[in-house]
Amino acid sequence: MESQSSHHVSGETRLDHVSFRHGKTPVFDDFSASFGSGIHGLRGPNGAGKSTLLRLLATELTPQQGSVTVAGVEVNSFTDALKVRPSIGYMPQGFAHVGQMTVFELVAYVAQLRGIPSQRRATSRS
């Protein structure tokens, strides 16, 4: 089994003028924040945007406006996200997609998240 080399990216993590909506519901409108090194916590009422903020920082979501920089890398593409993901520790509250995916689809999705090149991923169940 080939192991994927791990590398650590360090640097500032910030959101600059980020706007994000879930459908027509605004979550962030021109929101900016920066996070120094260390462990951070979020606190707020349900619906305040905590999970959305974490998903933006974990590169699971892309802002509709503004920019997200994680560990010093401005995340503008899937390739950028792959650079910083080894430096991110993120455990979502739930993984709703699992119940709607076949085993094959789930494995393919995880392979994509891990950055396994598409040429190395199976394209069928044969």
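Within the predicted model described here, residue T69 has E74 of strand β4 as its bridge partner. Because the model is predicted, local features are reported only where pLDDT is at least 70 and side-chain atom pairs only at pLDDT 80 or more, whereas totals for chains, interfaces and linings use all residues. Residues are numbered from 1 along each chain as its sequence is written, and side-chain values use heavy atoms, with hydrogens and water left out.

Strands β3 and β4 pair in the antiparallel sense over two bridges; two strands are taken to pair if DSSP finds at least two bridges between them. Strands of a sheet pair through backbone hydrogen bonds, either parallel or antiparallel. The four strands form an open sheet in the order β2-β1-β3-β4, with antiparallel pairing. Its edge strands are β2 and β4 (73-74), each of which pairs on one side only.

The protein contains three helices and four strands, which follow the pattern β-β-α-β-β-α-α along the sequence. Helices (H or I, at least four residues) and strands (E, at least two) are DSSP runs, numbered from the N terminus. Of the 126 residues in the protein, 22% are buried, where buried means under 20% relative accessible area, exposed means over 50%, and partly exposed lies in between (1.4 Å probe, protein chains only). The protein exposes about 9200 Å², of which carbon and sulfur atoms supply 52%. Accessible areas come from the Shrake-Rupley method with a 1.4 Å probe, and for residues only the protein chains shown count as cover. Among contacts (heavy atoms within 4.5 Å) with a separation of 6 or more, 52% join residues 24 or more positions apart.

Helix α1 lies across β1, β2 and β3 and runs at about 125° to β1. For this angle, axes are lines fitted to C-alpha atoms, for helices over the stretch in contact, and angles run from 0 to 180 degrees between N-to-C directions. The buried residues of α1 are T52, L53, L56 and L57. They lie on the same side of α1 because they cover an arc of only 135° around the axis, the arc being that of the directions from the helix axis to the C-beta atoms. The cover over these buried residues includes β1 (13-22), β2 (25-35) and β3 (65-70). One of the residues of α1 (residues 50-57) is T52, which counts as buried because its relative accessibility is 8%. Leaving aside residues up to four places away in sequence, T52 touches F20, H22, V27, F28 and L61. After α1 comes T59, whose phi is positive, near 65°.

Side chains of opposite charge can pair when their charged atoms come close. The structure holds four salt bridges, each defined as a side-chain nitrogen of Lys or Arg within 4 Å of a carboxyl oxygen of Asp or Glu. In helix α2 (residues 78-84), K83 and D80 are three residues apart, about one turn of the helix. Their salt bridge places the closest N and O atoms 3.8 Å apart. K83 is partly exposed, with a relative accessible area of 40%, whereas D80 is buried at 13%. Salt bridges that share partners join E12, R14 and D16 into one network. R14 is partly exposed at 25% relative accessibility, as is D16 at 24%.
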